[in-house]
Amino acid sequence: YWERLLKPGDCVIDATCGNGYDTATLAKLCLGEDSGQLYAIDLQQEAIANTSRRLAEELDEALFRRIVFLQQCHSNFPESIPTGGVKLVVYNLGYLPGGDKQETTLSSTTLDSVRKA
């Protein structure tokens with residue numbers, strides 16, 4: 001579905017980036033050297049670090065620079081994200097694989113995030 005929907009130059013939000021597997025796929029689909037924007041959001045510092053490390057290894061520097069990493073709850077999209085310009089918001093809910101299974105996404109914050117998306 002993502003391959004049919006996205007093209008280089010699109011703006012995409014990975015609202016729960018986890019270990020970065022989905023984020024890497026999204027980056028390859030929506031980022032061009034001079035266009036596109038990807039926001040990788042996660043509440044856990046470990047998730048942001050894992051995603052950043054994975055993308056730094058998989059992408060060239062020009063693409064990597066087009067990614068904004070935000071350690072915060074997915075229910076709060078920053079004002080810097082263009083209203084009406086986002087092509088896709090992605091969620092992968094649950095807990096961080098390899099992380100603390102007690103730290104999980106909550107239905108209340110996820111529903112709030114979907115409403116805002």
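What is the volume of the largest pocket? The largest pocket has a volume of about 470 Å³. A volume here is the space filled by probe spheres set on grid points, joined across faces, edges and corners. A pocket is an open set of points on a 1 Å grid over the protein atoms alone, where a 1.4 Å probe fits, with protein on both sides within 12 Å along at least five of seven lines. Lining residues have an atom within 4 Å of a point.

The model is predicted: local features need pLDDT of at least 70, side-chain atom pairs count only at pLDDT 80 or more, and totals for chains, interfaces and linings use all residues. Residues are numbered from 1 along each chain as its sequence is written, and side-chain values use heavy atoms, with hydrogens and water left out.

**The sheet**

Four strands form an open sheet, in the order E3-E2-E1-E4, with parallel pairing. E3 and E4 are the edge strands, and each pairs on one side only. From one strand to the next, the twist averages 15 degrees. Strands (E, at least two residues) and helices (H or I, at least four) are DSSP runs, numbered from the N terminus. Two strands pair if DSSP finds at least two bridges between them. E1 and E2 have four bridges, in the parallel sense. Isoleucine 13 has tyrosine 39 in E2 as its bridge partner.

**The helices**

H2 lies across E1, E2, E3 and E4, and runs at about 170 degrees to E2. H3 lies across E2 and E3, at about 165 degrees to E3. Angles run from 0 to 180 degrees between N-to-C directions, with axes fitted to C-alpha atoms, for helices over the stretch in contact.

H2 spans residues 21-30, and its buried residues are Thr23, Ala24, Leu26, Ala27, Leu29 and Cys30. Buried means under 20% relative accessible area, with a 1.4 Å probe and protein chains only. Their cover includes H1, H3 and strands E1, E2, E3 and E4. Contact means heavy atoms within 4.5 Å.

**The pockets**

H2 also gives the most to the lining of the largest pocket, with three residues. That pocket is lined by 28 residues, and Thr16, Asp42, Asn92, Gly94 and Thr105 lie nearest its centre. The second largest pocket has Ile13 in its lining, along with others including Phe77, Pro78 and Lys116.

| Pocket | Volume | Lining by class |
|---|---|---|
| Largest | about 470 Å³ | 11 nonpolar, 13 polar, four charged residues |

Ala, Val, Leu, Ile, Met, Phe, Trp, Tyr, Cys and Pro count as nonpolar, Asp, Glu, Lys and Arg as charged, and the others, Gly among them, as polar.

Key
Buried means under 20% relative accessible area, exposed over 50%, partly exposed in between (1.4 Å probe, protein chains only).
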